[in-house]
Structure formats: C-alpha cells, structure tokens
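Please open the model in your viewer and keep the selection tool at hand.

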Amino acid sequence: MHYSMLLARRVDERSWILNRQGKAPFVISCQGQEAAQVGAVYGMRPGYDYLYPYYRDLAMTLFLGQSPREQLLSVMGKREDPNSGGRQMPGHFSARELNIVTASAPVGVQYPQATGTALAFKVRGEDGVVLVCGGEASTSGGDWHEAMNFAGIHDLPVVFLVQNNAYAISVPEKAQVAGSIAGRAQGYGFPGVEVDGMDVLAVYEAARGRSSGRGGGGPTLIEAKTYRITAHSSDDDDRRYREREEIEAWRLKDPIPRFERYLEEIGVLDAEAREEVDARIRAEVAEASRSAEEAPPPEPEDALGPVYAGR
Ligand SMILES: Cc1ncc(C[n+]2csc(CCOP(=O)(O)OP(=O)(O)O)c2C)c(N)n1
Ligand SMILES: [Mg+2]
C-alpha cells in the first residue's frame, strides 16, 4: 500500500515537471487522494474484476499494473500511450487486459456503464466485482442516480467510490452537494458509508470483501472524504477560490506521511527503509520518464484511425 501510494505521488509530481518543461500539455492530479484510491483497489483481482476509473485514479491504474512509463507516455501524448495512442487527454486510463475501461470526458457517464458490467457478471453467474469512481460533483448528475437505482433494483456487485475532495474545480462542496452523499445509498436500498479518505486502511476496510468479490452481496457506496492538494489541473489557478492556509492545513493530513508514521509506530518501517523505498521509486520514475520522453510522437495520420470499425 505504501509503495503504491508513493509511486503514484512521484509519477504525478513528475507529470507536473514535464508540463512545466513544455513536454506535457495537460496534467490532472491524484495528489492527496492516494489513500482513497489504493485502499479501494487493494482487494481487486486485476484482469478479472472491472475498474471504471475517473481521471484522478492514477494510483489505482498503477496498482492494477499500468507502468510509470505507460502513464508518462500518456501524459506526453506519445504514440505508444496504451490508453489511446496519444489521442485522449491524460487521465483517460484504459487497459483491456487489466479490465480498466476508459472514461468519456463528460463527468459521471462511467456509472451506468459500470452497473451494466456488474449486471453482466450477475447474468453469467460469475463472482466479479466492479469498482466505479468519481468526484463528489459527479453525484449531482442524473447518471449517478440512475446507476445507483439500477444497482439497487438488481442487487448488482458494484462498489461506488465517491472521492469527495471538497471542490469541483472552483465550486466548493457546499454549493454542489445537498445533504450527505453516503446517506443517499439508503434511499436506493443498499449500504453507504462515509470514511476518512486520508486513511488507506479505513478505505480498505470499507471496500474489503466488496471490491475483492469474495464478500459477495450487492452494491455498496463509499464516500471517501479527501482533499485535492494541487489545483484542479495544470490549467487551473486555484488562488482564485481557496486560501493557501486551507491547503496547508490539509497537507498535515497528507495520507502518505500519515501512513508512514503509522508503519513506524508499529515497527514495520523506519527512516532508513523509508528513504530506501523512496530512492528506489525516484529512480524508477526517472528512468520511466527518460524512456517515455525519448519515445516518438504519433504520426499525423494516426489521428484518422481507429475511429470507425474497419480502419
Ligand atoms: C458533464 C460535464 N460537466 C462539466 C464538465 C467539466 N468538468 C470536468 S471535471 C469537473 C469537476 C468535477 O468535480 P468532481 O466530480 O468533484 O471531481 P474532482 O475533479 O474534484 O476530482 C468539471 C465541472 C465535464 N467534464 N462534464
Ligand atoms: Mg471534487
């Protein structure tokens, strides 16, 4: 868990450097949300269960098996980008062999698609589970409610993970969300829990037995309370809508140092081991970046296909 969270953080940080160097046109971050992501995905069986991620779920896709190099190829829009060959914006993760299904750009469309996949598991009598993710603002759209209702009616094996990071670009939660997101599950006839999304073990506990598929049962809603440490994206100036002090206060709850303190307390990690892991990850990310930077861009004619079947 620690390795996965730290790897995601370092790949994310590297993406911003590439952006500032003019090599990556757009960056959208997972920073601050690594615990929510790793905790939820930890019990999944890669290539069997299905993930419908949203654009921040870098820590999930790395955990399931996409490499740092693949992520950085995508960030730089290179031809070898496994998500789309450089055709989609970064954050539109896709891996057929890992059952990671690409998202469309409109917020929230992944929810009904995920329930459809969960229905397929049920119809086939298979014990697969679907994990679908989004931010708190995605729960304001009709797609989320339709999917929640459908999952409740058919008792589908789907985990809805809402990563409530307090903002939808510049719109604060209080202007976006009525009542409690977790509490809405009751109205659709299945359990909903609110968890501390900065605590990887708390999220894991909430998702365990659900996202692993071994717990059986129907749908679950998890609202992970978290925070986006970076601006919405590399194109957003967050000084326009939030105070620096607020960010600094949340940084104290940063899920990675928090988990490190816990691991040190229980004697699993010490300062030396922590530095060794970080050095290993930094070297891995530096090499991935070097290799991805050298990879060729797409050819202009690559834009023409594959758009229609047969091309
Ligand atoms: C239907 C739709 N409306 C608006 C947008 C533009 N948009 C992209 S991300 C975003 C904010 C979503 O906020 P939230 O769901 O809380 O996720 P977060 O980015 O905070 O993780 C918006 C408004 C969009 N992509 N799709
Ligand atoms: Mg949000």
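Begin with the largest cavity, which holds about 150 Å³ of space; a cavity here is a set of points, on a 1 Å grid over the protein atoms alone, where a 1.4 Å probe fits but cannot get out, and its volume is the space filled by probe spheres set on the points, with grid points joined across faces, edges and corners. To find this cavity, select Ile28, Leu58, Val75, Gly91 and Phe93, which are the closest to its centre among the 15 residues that line it, a lining residue being one that has an atom within 4 Å of a point. The count comes to one cavity of 30 Å³ or more.

This is a predicted model, in which local features need pLDDT of at least 70 and side-chain atom pairs count only at pLDDT 80 or more, while totals for chains, interfaces and linings use all residues. Residues are numbered from 1 along each chain as its sequence is written, chains are lettered from A and ligands numbered from 1 in the order in which they are written, and side-chain values use heavy atoms, with hydrogens and water left out.

Staying with the largest cavity, colour α1 (2-20) and α4 (68-75), each of which supplies at least two residues of its lining; helices (H or I, at least four residues) and strands (E, at least two) are DSSP runs, numbered from the N terminus. By class, the lining of this cavity divides into nine nonpolar residues, five polar and one charged, where Ala, Val, Leu, Ile, Met, Phe, Trp, Tyr, Cys and Pro count as nonpolar, Asp, Glu, Lys and Arg as charged, and the others, Gly among them, as polar.

Next comes the packed interior. In soluble globular proteins, nonpolar side chains tend to be buried together. Select Leu51, Met60, Leu131 and Leu161, which touch the most other members of the largest nonpolar core, a group of 52 residues; such a core is a set of buried Ala, Val, Leu, Ile, Met, Phe, Trp, Tyr and Cys residues joined through side-chain atoms within 4.5 Å, and buried means under 20% relative accessible area, exposed over 50% and partly exposed in between, with a 1.4 Å probe and protein chains only. The helix α1 gives the most to this core, with six residues. Around Leu161, leaving aside neighbours within four places in sequence, the contacts (heavy atoms within 4.5 Å) include Ala36, Met60, Leu131, Cys133 and Ile222. A second, separate core has 20 residues, among them Trp144, Met148, Ala151 and Val177.

Most residues other than glycine have a negative phi. Asn99, in the loop between α4 and α5 (110-124), has a positive phi near 55 degrees and is buried, with a relative accessible area of 10%. Ala166, in the loop between β3 (158-164) and β4 (167-168), has a positive phi of about 80 degrees and counts as buried at 19%.

A pocket is an open set of points with protein on both sides within 12 Å along at least five of seven lines, and the largest pocket has about 390 Å³ of space. Select Tyr54, Tyr55, Ala105, Val107 and His232, which lie nearest its centre among the 25 residues of the lining, and then β2 (130-135) and β4, the elements that give two or more residues to that lining. The lining of the largest pocket has 14 nonpolar, nine polar and two charged residues. The second largest pocket has a volume of about 170 Å³, and its lining includes Tyr50, Pro82, Arg96 and Asn99.

Finish with two loop residues. Asp254, between α9 (244-251) and α10 (255-265), is buried at 6% relative accessible area and, beyond its neighbours within four places in sequence, is in contact with Arg9 and Ile229. Gly183, in the loop between β5 (171-172) and α7 (184-187), is partly exposed at 44%, and the C-alpha atom of Gly183 is separated by 9.3 Å from that of Glu223, 40 residues apart along the chain.
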